[in-house]
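Please keep the sequence and the 3D view at hand while reading.

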Amino acid sequence: MQGTLDVLILRTLIFGPEHGQGIARAIQQSSDDELLVEHGALYPALQRLEAQKLISAKWGTSANNRKARYYTLTKAGREHLAKQSNRWRRLAAAMARVLGPEPEQG
Amino acid sequence: MTNWRPRSDEDFSAEVNAHLELETARLVEEGMAPEAARAAARKAFGNVARAQERFHESTRWVWVEQFLQDLRYAARGLRKSPSFVATAVLTLGVALGLLTVAFTVFNAYVLRPFAVHDPSRLYRLGWQSPDAAGRIFAWREYDELQSRTDLFDAVVAHDMRFIHSESAGGRSLTATYVSANYFQALRPRLLMGRGLGPADAGQPVAVISEQAWRRMLDADPAALGRTIDFDGSPVTIVGVLRQEFVGIDDFPRDIWVPARPEAAEGTEVVTRLRADVTPERVEAMLASFVARKAPPKVSPKDVRAMLVPNATANALSTDLLAALSPIFAAFALVLVTACFNLSNVMLARAVARQREIAVRLSLGASRPRIVRQLLTEGLLIAALGGAAAVLLAAFLMPAGIALLFRTLPPSLAALVRVVPMPIDYRVVGFAFAGVAAATIAFALVPALQASRPSLTDVLHGQRAGTRSASRMRSFLVVAQVAVSMLLVVTALVLARNFAAVGAIDLGYRTSGVYSVNVRGGHDELIRTAADALSADSRVAEIAVTSGNPLFVTHTLAAAPDGTDRGEVPVRYSFVSPEYFTVLQIPVREGRAFDAKEAATSARVAVISEATARAFWPGANPIGQTIRIAQPTNSRMDEIEGYTRVTVVGTVRDVVTGMMVNGPDRGHIYFPASAVHRRASALLLRPQATGDFRPDMAFATLRRAGLDPAIFEVFPMGEMRDAQMYPLKAGAWIGGLLGGVALALSVTGLYGVLAYMLTQRTREIGIRMALGATARGIIDLVVRQCLRLAGVGAIAGLVAAAVAMRALSSVITLEAVSLLDLTPFAAALVVVFSAVALAAYQPARRATRVDPAETLRADA
């Protein structure tokens with residue numbers, strides 16, 4: 001769904017600057033591989049968020065001394081995330097009501 | 001990363017690599033073997049190349065790259081067909097070049113701001129009443145205006161006069177008397193020296209234009225301090241202006257001198273509005289100021305102040321655009337023909353390249369991409385054409401101006417000045433806007449057409465889409481013929497007009513007659529001049545008049561006396577008895593004036609035949625009385641002391657004023673001598689034997705103690721030519737446009753026929769094999785040709801009729817009719833001859849088709 005990945009990236013960055021690979025891992029772990037099939041798919045989203053000035057990027061060095069491009073949440077990004085999270089929560093709640101309780105696994 | 005520059009592809013690749021390494025390291029940490037970890041990291045990432053491609057295309061500059069790619073491709077393609085490129089560039093260059101020339105003149109007179117400080121807030125002051133308008137103010141009014149600092153930052157007076165200068169070879173100069181603040185308020189840039197200031201008031205000093213500096217002083221670098229003749233007295237040059245500044249209206253000046261506020265004549269006033277004041281407010285506040293300008297019979301409150309933007313020589317207005325639009329339309333139509341022509345050639349090219357395009361489509365190029373590519377090719381041609389157009393305009397402008405001065409009657413050429421007409425950024429911008437429009441016009445349809453082939457057909461060697469393409473090509477030819485028909489008709493109508501007006505019998509002689517005028521406000525000198533010139537042995541006869549009949553008309557209100565008929569406007573002149581003999585206006589009934597009547601300003605009149613017919617139809621006018629009434633509007637004059645006059649004779653009808661308006665509907669002559677207060681011009685007939693020249697008249701006037709500078713001596717024949725000149729120029733320009741358009745259509749038609757025949761070679765071969773004669777084949781071509789040309793010609797004739805109807809409601813030429821069948825018929829002949837010329841060669845070639853060969857080629 002359009003915008004899902006964006007929100008996940010922003011949410012990951014709440015805990016501080018992170019590079020692409022780190023973000024990919026975090027999303028995979030927190031969503032049980034459901035929302036990010038390929039790491040490569042992350043980059044167009046990062047590109048877009050950067051262009052919208054919701055995140056900023058800077059080359060830095062990782063913990064194990066490798067060069068990596070670190071993304072940081074901007075003020076605008078933080079506000080955007082707050083708004084979007086609310087929207088997603090409402091949407092998820094509405095969807096849950098419409099779809100009803102999960103059928104019991106046979 | 002900075003905001004204004006997109007990220008490089010390399011930077012993105014580095015990030016992807018870093019990602020892969022981090023992931024590999026992580027997997028190794030989790031216990032994988034390095035090789036397997038590397039493979040797993042790649043697998044988790046997905047397609048690296050595709051990610052990079054997506055990144056590349058997401059940057060904004062990719063279209064530039066594609067455009068450059070298209071451009072390179074187009075350039076390569078065009079280099080392969082240099083003759084096509086040359087024809088296309090030439091076609092477009094000529095058509096767009098002509099339009100650019102028209103725009104350059106428009107730009108110079110309407111769009112280009114004066115080369116002064118902040119021209120945008122300059123406004124000319126004028127006044128307008130229901131039946132009159134003016135722009136002259138008295139000097140004391142100027143002083144009053146200058147004190148209105150609540151409205152104006154500056155109030156500038158500039159008053160133009162023609163002056164006589166021996167330094168200019170005895171010719172006239174255009175002089176401006178300027179207020180003390182003129183140079184300080186306008187700040188024009190000077191080549192050398194200084195502008196005029198308050199300290200120069202009353203001093204014999206002058207600033208001259210760059211052109212005058214070149215003409216009069218041979219561009220002397222030490223011109224400052226030199227003196228030149230100004231109406232008989234010396235003035236010292238203190239400054240030379242740069243080429244770009246020639247004054248702040250549409251008539252360029254040669255020389256600027258300090259104003260003489262003591263002079264009776266008024267001045268034009270240009271103001272610089274304060275930044276916090278709107279023109280509307282100023283107009284409203286000046287109402288009472290201009291009320292005193294009210295002409296007789298007009299209530300002062302009906303006089304309105306007018307602020308006319310004075311940033312450019314002529315203010316841009318919808319009225320002006322409407323007046324000029326037919327001219328621009330004519331120039332634009334030539335460009336339209338050129339675009340039709342090019343479109344046609346491009347279509348043919350596209351059909352020829354169908355295989356190439358089909359291959360590209362089948363290799364995965366999208367249709368928009370192909371269209372873009374073909375448009376790029378068009379754009380490249382158009383850009384070359386645009387450059388050619390600008391070059392052509394740069395060459396044509398000086399040539400056209402030189403031609404103008406060559407062809408103007410000499411006495412007029414000495415007075416006329418044109419404003420600087422540079423090819424500036426507006427002109428270049430216009431040319432390239434033309435390029436963009438032309439590209440769309442001539443390249444879009446062929447591009448859409450060409451990118452639509454059915455792949456299988458084309459790859460199998462079938463020419464798909466040729467049906468609709470050939471329909472399109474036929475349409476384009478029809479349109480071209482129609483447009484050239486319209487332009488040829490227009491040209492012929494203009495030429496016929498010119499001829500018709502030239503053939504108008506004025507009713508009096510102009511050749512061998514000289515008109516002697518006194519410049520403003522010195523009418524009292526007419527008598528001395530008349531005496532001096534009549535004493536000259538080279539002069540045969542001299543007549544006094546209240547105005548040169550070719551330019552000056554006066555109207556009064558008159559009616560036949562003793563009837564209850566209302567007064568009608570009638571033209572009138574005060575003339576001496578010699579007037580009728582100098583101009584050879586024959587007396588029809590009764591007699592002309594005698595010397596006594598002239599000397600005493602007797603209340604008698606000689607009337608034109610038309611007046612006699614109108615006032616006393618069928619009756620003898622001699623001895624009848626004419627009643628002269630008070631004027632009912634400001635276009636009529638009141639003649640003090642004249643209420644009733646007795647008719648003593650009738651003379652032949654004449655044409656006075658503008659020739660195109662036709663003969664006077666009436667004319668009343670009153671007797672006058674050189675001392676009469678209305679005497680303001682002399683008409684002079686030299687001895688038939690002597691070779692009289694205007695400068696001889698000047699020498700005679702000088703000997704009589706008169707200042708020759710305040711007199712003008714013009715040959716009447718040239719004055720007639722001067723009136724004819726706009727019509728002549730119109731006919732020439734119309735002819736040029738019509739000729740170019742026709743030439744373009746002929747080449748267009750030729751191209752279509754030639755192409756059609758190569759397409760139908762096989763058919764023609766079969767026909768010939770089946771026994772068709774060469775004549776039959778020629779008939780085939782001619783029929784095709786006539787069908788195209790015929791449809792185009794009819795459409796063009798209809799369009800021309802509509803255009804002429806519209807024009808004749810705008811331009812009132814009473815002497816001739818714009819809706820005249822002759823030019824239409826002549827245009828039909830011209831266009832069809834041209835079409836026949838275009839068809840001849842392709843038809844001849846068709847008859848030489850060898851049936852055996854075509855049939856074999858097909859097998």
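Helices and strands are runs assigned by DSSP, a helix having at least four residues and a strand at least two, and they are numbered from the N terminus. Read in this way, chain A follows the pattern α-β-α-α-β-β-α along its sequence. The model is predicted, and the predictor gives the complex an ipTM of 0.83 and a pTM of 0.76.

**Confidence in chain B**

- Chain B has a mean pLDDT of 85, and 94% of its residues reach 70 or more.
- Among the elements of chain B, the highest mean pLDDT, 95, belongs to strand 7 (residues 205-208) of chain B.
- The lowest mean pLDDT among these elements, 54, belongs to helix 16 (residues 455-459) of chain B.

**Chain A**

- Chain A contains four helices and three strands.
- Of the 106 residues in chain A, 28% are buried.
- Among the contacts in chain A with a separation of 6 or more, 47% are between residues 24 or more positions apart.
- The three strands of chain A form an open sheet in the order 1-3-2, with antiparallel pairing.
- Strand 1 (18-19) and strand 2 (55-61) of chain A are the edge strands, each of which pairs on one side only.
- Strand 2 of chain A is joined to strand 3 (residues 67-73) of chain A by seven bridges, and the two run antiparallel.
- Within strand 3 of chain A, Y71(A) is the residue that stands opposite A57(A).
- In general, strands of a sheet pair through backbone hydrogen bonds, in either a parallel or an antiparallel sense.

**The contact between the chains**

- Chain B and chain A contribute 17 residues each to the contact.
- On the side of chain B that touches chain A, helix 1 (9-29), helix 2 (34-45) and helix 3 (48-58) of chain B each supply at least two residues.
- Helix 1 of chain B provides the largest share of that side, namely seven residues.
- By class, the side of chain B that touches chain A consists of nine nonpolar, four polar and four charged residues.

- Helix 13 (residues 367-407) of chain B has 41 residues.
- From its first C-alpha to its last, helix 13 of chain B reaches 56 Å, which is close to the 60 Å expected at 1.5 Å a residue.
- In helix 13 of chain B there is a kink of about 25° at L396(B), shortly before the proline P398(B).

**Strand pairing in chain B**

- Strand 15 (residues 554-560) of chain B runs antiparallel to strand 16 (residues 568-575) of chain B, and five bridges join them.
- The bridge partner of A558(B) in strand 16 of chain B is V568(B).
- Strand 15 of chain B also pairs with strand 19 (residues 625-629) of chain B, in the antiparallel sense and over four bridges.
- In strand 19 of chain B, I626(B) stands opposite P560(B).

**The surroundings of F580(B)**

- F580(B) is part of helix 19 (residues 579-582) of chain B.
- F580(B) counts as buried because it has 22 C-beta neighbours inside 10 Å, and the cut-off for a buried residue is 20 or more.
- Leaving aside neighbours within four places in sequence, F580(B) is in contact with I585(B), V587(B), A592(B) and V651(B).
- F580(B) and T563(B) are 17 residues apart along the chain, and their C-alpha atoms are separated by 30 Å.

Conventions:
Residues are numbered from 1 along each chain as its sequence is written. Chains are lettered from A and ligands numbered from 1 in the order in which they are written. This is a predicted model: local features need pLDDT of at least 70, side-chain atom pairs count only at pLDDT 80 or more; totals for chains, interfaces and linings use all residues. Two strands pair if DSSP finds at least two bridges between them. The expected span of a helix is 1.5 Å times one less than its number of residues. The bend at a residue is the angle between axes fitted to the seven residues ending there and the seven starting there. pLDDT is the predictor's confidence in each residue, from 0 to 100. Two residues are in contact if their C-beta atoms, placed from the backbone, lie within 7 Å. Ala, Val, Leu, Ile, Met, Phe, Trp, Tyr, Cys and Pro count as nonpolar, Asp, Glu, Lys and Arg as charged, and the others, Gly among them, as polar. A residue is buried if 20 or more other C-beta atoms lie within 10 Å of its own, exposed if 12 or fewer, and partly exposed in between; C-beta atoms are placed from the backbone.
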